[in-house]
Amino acid sequence: MLMPSIFGESLIDDLFDNFARPANTVARYNDMTVNVMKTDIKESGAGYELDIDLPGYKKENVKAELKDGYLTITATTNKDNEQKDEKGKYLRRERYYGTCSRNFYVGEVVEQEDIKAKFEDGILKVFVPKKEAKPQVEEKKYITIEG
C-alpha cells in the first residue's frame, strides 16, 4: 500500500540526517539541485575539457552560450510525480520546475565556433581551446596643427 510521506523518503534517514548534520534541516522537496552542475576541468596542451554532470536532464533542455568572454551553461527541467489509488484519488502529487546555470570565463578571444560540446549519459562535455590574446599594435594618432 502506498503511504504518503510528510518526512521525505524515510523517517529514520531524515531524523539522523538532521541530528548529524543540522545544516541540512531545511526541508527538501525532491531537491534535484543538490548534485547538479558538478564540474571537472582538465587542462590539456590544446585547451580545457569540462565535464559537467547534469543527471536527469535532456539534451534539448541544455543550452550553452558565449557572450563577452563568458561561457554560460543553462539547464531546465520540469518533473511531475503523480500517484493515484485505484479510484483515481490522489495519494501524492508533486511537481518540480527548475533552472540552473553556471558561468565560466574563457576569455574574449575565444569564438563560439571554437567551442565544441557533446551531451551523453547525463554529462555535458565541452572543449574550449587555448587562445592567446593578440597583442594590440599601438597606433599613433597625430593631431594636425594648423599654422
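Contact here means heavy atoms within 4.5 Å. With that in hand, let us walk through the model.

This is a predicted model, in which local features need pLDDT of at least 70 and side-chain atom pairs count only at pLDDT 80 or more, while totals for chains, interfaces and linings use all residues. Residues are numbered from 1 along each chain as its sequence is written, and side-chain values use heavy atoms, with hydrogens and water left out.

## Overall layout

The chain holds one helix and seven strands, in the order α-β-β-β-β-β-β-β along the sequence. Helices (H or I, at least four residues) and strands (E, at least two) are DSSP runs, numbered from the N terminus. Of the 147 residues, 22% count as buried; buried means under 20% relative accessible area, exposed over 50%, and partly exposed in between, with a 1.4 Å probe and protein chains only. Among contacts between residues at least 6 apart in sequence, 51% join residues at least 24 apart.

## Strands and their pairing

Two strands pair if DSSP finds at least two bridges between them. Four strands make an open sheet in the order β1-β2-β7-β6, with antiparallel pairing. The edges are taken by β1 (39–43) and β6 (116–120), each with a single partner strand, so one side of each has no neighbour in the sheet. From one strand to the next, the twist averages 15°; the angles, between 0 and 180 degrees, are taken between N-to-C directions of axes, which are lines fitted to C-alpha atoms (for helices over the stretch in contact).

| Strand pair | Bridges | Residues opposite each other |
|---|---|---|
| β1 and β2 | five bridges | Ile41 and Leu50 |

## The nonpolar core

In soluble globular proteins, nonpolar side chains tend to be buried together. A nonpolar core is a set of buried Ala, Val, Leu, Ile, Met, Phe, Trp, Tyr and Cys residues joined through side-chain atoms within 4.5 Å. The largest one has 18 residues, of which Ile52, Leu54, Val62, Leu71, Ile73, Leu124 and Val128 touch the most other members. At least two residues of this core come from each of β2 (47–53), β4 (70–84), β5 (90–105) and β7 (123–129).

Leaving aside residues up to four places away in sequence, Ile73 touches Met37, Ile52, Val62, Lys63, Ala64, Cys100, Ser101, Arg102, Phe104 and Leu124.

Thr77 is found in strand β4 and counts as buried, because its relative accessibility is 11%. Beyond residues up to four places away in sequence, Thr77 touches Tyr57, Tyr96, Tyr97 and Gly98.

Gln83 also lies in β4, but with a relative accessible area of 28% Gln83 is partly exposed. The C-alpha atoms of Gln83 and Glu94 are 9.0 Å apart, with the two residues 11 apart along the chain.

## A pocket

The lining of the second largest pocket includes Ile41, Tyr48, Leu50, Phe104, Tyr105 and Val128. Two or more lining residues come from each of β2, β5 and β7. On a 1 Å grid over the protein atoms alone, a pocket is an open set of points where a 1.4 Å probe fits, with protein on both sides within 12 Å along at least five of seven lines, and lining residues have an atom within 4 Å of a point.
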